[in-house]
Amino acid sequence: MPRFDRHLWRLAGRLENRIARLHSRTVNVSLDHQEWQRIERLAARMNDIADRPWRVASDHVCWQLLTGLQRLRSGLGTIFQGLPEGGRFLRPPKQKLIYEELVAARDEFDDFVVDLRRQTLSVMTSEVELEGIYLGRFRILLDLQTLSESVNYSVTAESPNRAAARSDVTHPHVMDDRLCEGDAKAPLSSALRTGRFCDFFQIIEQTLHSYNPDSAYASLAEWNDHTTCHSCGDRIPEYEGHYCDQCEADTCEDCCTSCGHCHGSACDLCIEKCSTCDDGFCSTCLEACPRCSTSVCPDCLTDSLCKECHANSLKTNTADAAIPETGADTASPEAPVHAHRLGETAVPAGSG
Amino acid sequence: MKILYINNDGGGFADEIDVDAGTTVAALFAQRVPDSRASDYLIRVNRQPCSGEQVLQDGDRVTFTPVKIEGA
């Protein structure tokens with residue numbers, strides 16, 4: 001005999017009251033009498049012109065009659081849905097039954113968690129794999145305060161394997177942690193209204209283990225159509241990938257740039273900065289300064305030198321140009337005194 | 001005898017029904033879901049897995065949940 005869980009018993013008591021509020025026996029019957037009278041008039045008019053050769057008028061009245069009947073049928077359908085199947089209102093579940101359901105959910109599923117503070121109930125599904133695509137486990141979290149609302153639970157992937165083309169899709173039928181219920185909608189609603197929490201989680205799990213290719217947010221056939229960025233390692237959809245002209249690898253948009261000279265596409269790893277202007281260039285366009293070996297772009301080269309080396313070479317050339325050559329006219333008596341020869345002065349011959 | 005029969009297929013059904021004494025789970029399935037295979041359903045009696053030969057008792061809770069439920 002399973003051990004009595006008083007926390008679950010207390011929760012079951014609270015849920016008994018909340019679920020009872022879902023069981024309303026009021027029915028809103030609101031028929032459009034004017035619409036019905038209009039249909040009666042249209043039907044009479046159709047009968048009047050049935051034997052006459054007024055084809056256009058007959059078609060027009062027939063169309064009006066069909067449209068009116070569709071509106072009435074929609075209104076009747078709404079009333080029909082508000083009544084219980086079989087004509088008998090279901091009795092709301094008692095605390096004991098709800099407690100047994102909670103215990104069953106605790107024993108059936110892994111990682112059964114009751115958060116009394118947040119008023120949530122959650123379970124972890126088994127691993128989901130569809131047509132060879134591993135999607136992992138999902139946490140189903142039910143908000144016990146919003147049982148009456150149409151969206152009162154979330155389905156979150158434990159280790160998301162997102163669709164290549166849709167980062168918000170973690171399962172073909174789950175987008176933004178919301179399950180598109182499809183065939184599960186009616187049984188899920190029925191399970192909650194009758195306090196069958198174990199069935200509720202089981203129905204969602206079975207839906208996660210099923211694949212409807214005709215109505216999926218992302219198809220399994222294209223689920224893994226992605227590549228990996230050579231630079232940062234992120235997964236990217238194939239159609240969003242960029243190509244590096246240098247290393248011929250795939251790259252994401254963030255890691256893709258272009259050479260400032262040839263404008264070719266390159267990844268972050270294949271772009272270097274010019275030591276002078278600091279812009280990015282591919283290895284083909286950068287050149288090494290023959291003097292200092294730094295990488296320089298074509299626009300920053302002057303006479304094949306980088307800016308700094310070129311400036312230095314100018315200074316050196318200027319200095320060389322101002323110094324005369326050794327052994328030249330200075331030996332001649334008429335040679336002028338060189339003003340830069342320190343400590344020397346012209347001494348006329350014969351002076352003493 | 002009366003059992004609680006729950007079918008989580010389609011619109012869902014959950015109500016007490018009358019069954020003959022000695023009815024097995026397999027027999028009930030054939031009566032209630034005649035056009036389907038039992039292997040396409042999770043079948044539980046009193047929230048526990050069961051065999052098709054299990055004989056139903058008065059007050060039992062029987063649940064049929066489709067293995068394949070298509071989302072949209």
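Guide: Let us start with the elements: helices (H or I, at least four residues) and strands (E, at least two) are DSSP runs, numbered from the N terminus. In these terms, Asn212(A) lies in the loop between α6 (197–208) and β10 (226–228) of chain A. This is a predicted model, in which local features need pLDDT of at least 70 and side-chain atom pairs count only at pLDDT 80 or more, whereas totals for chains, interfaces and linings use all residues. Residues are numbered from 1 along each chain as its sequence is written, chains are lettered from A and ligands numbered from 1 in the order in which they are written, and side-chain values use heavy atoms, with hydrogens and water left out.

Visitor: Is Asn212(A) buried or exposed, and which residues does Asn212(A) touch?

Guide: Buried means under 20% relative accessible area, exposed over 50%, and partly exposed in between (1.4 Å probe, protein chains only). Asn212(A) has 11% relative accessibility and therefore counts as buried. Contact means heavy atoms within 4.5 Å. Residues up to four places away in sequence not being counted, Asn212(A) touches His173(A) and, in chain B, Glu70(B) and Gly71(B).

Visitor: What is the make-up of chain B in helices and strands?

Guide: Chain B has 1 helix and 5 strands, and their order from the N terminus is β-β-α-β-β-β. Of its 72 residues, 40% count as buried. Among the contacts in chain B with a separation of 6 or more, 52% come from residues 24 or more positions apart. For surface, accessible areas come from the Shrake-Rupley method with a 1.4 Å probe, and for residues only the protein chains shown count as cover. Chain B exposes about 3600 Å², 47% of it supplied by carbon and sulfur atoms.

Visitor: How is the area buried between chain A and chain B to be read?

Guide: Buried area is the accessible area (1.4 Å probe) that two parts lose on being put together, summed over both. Between chain A and chain B it is about 2100 Å², and carbon and sulfur atoms give 45% of this. In chain A, Asp183(A), Arg196(A) and Gln206(A) lose the most area to chain B, together 21% of what that side buries. The contact takes 27 residues from chain A and 20 residues from chain B.

Visitor: How many salt bridges are there between chain A and chain B?

Guide: A salt bridge is a side-chain nitrogen of Lys or Arg within 4 Å of a carboxyl oxygen of Asp or Glu. The count between the two chains is 5 salt bridges. In one of them, Arg61(B) pairs with Glu101(A), with the closest N and O atoms 2.4 Å apart. On the side of chain A that touches chain B, α4 (95–108), α5 and α6 each supply at least two residues.

Visitor: Where do the two partners, Glu101(A) and Arg61(B), lie?

Guide: Glu101(A) lies in helix α4 of chain A and is buried, with a relative accessible area of 0%. Beyond four places in sequence, Glu101(A) touches several residues, including Arg196(A), Asp199(A), Arg47(B) and Arg61(B).

Guide: Arg61(B) is found in strand β5 (residues 61–66) of chain B and is also buried, at 7% relative accessible area. Among its contacts beyond four places in sequence are Glu101(A), Arg196(A), Asp199(A), Leu4(B) and Ile6(B). A polar contact is a pair of N or O atoms within 3.5 Å; within protein, one must be able to donate a hydrogen and the other to accept it, and residues adjacent in sequence count only if both atoms are side-chain atoms. The side chain of Arg61(B) makes such a contact with the side chain of Thr63(B), at 3.2 Å.

Visitor: Which residues of helix α5 of chain A are buried?

Guide: In α5 (residues 185–193), the buried residues are Pro187(A), Leu188(A), Ser190(A), Ala191(A) and Leu192(A). They pack against α1 (6–22), β5 (138–143), β6 (153–157) and α6 of chain A. After α5(A) comes Gly195(A), with a positive phi near 70°.
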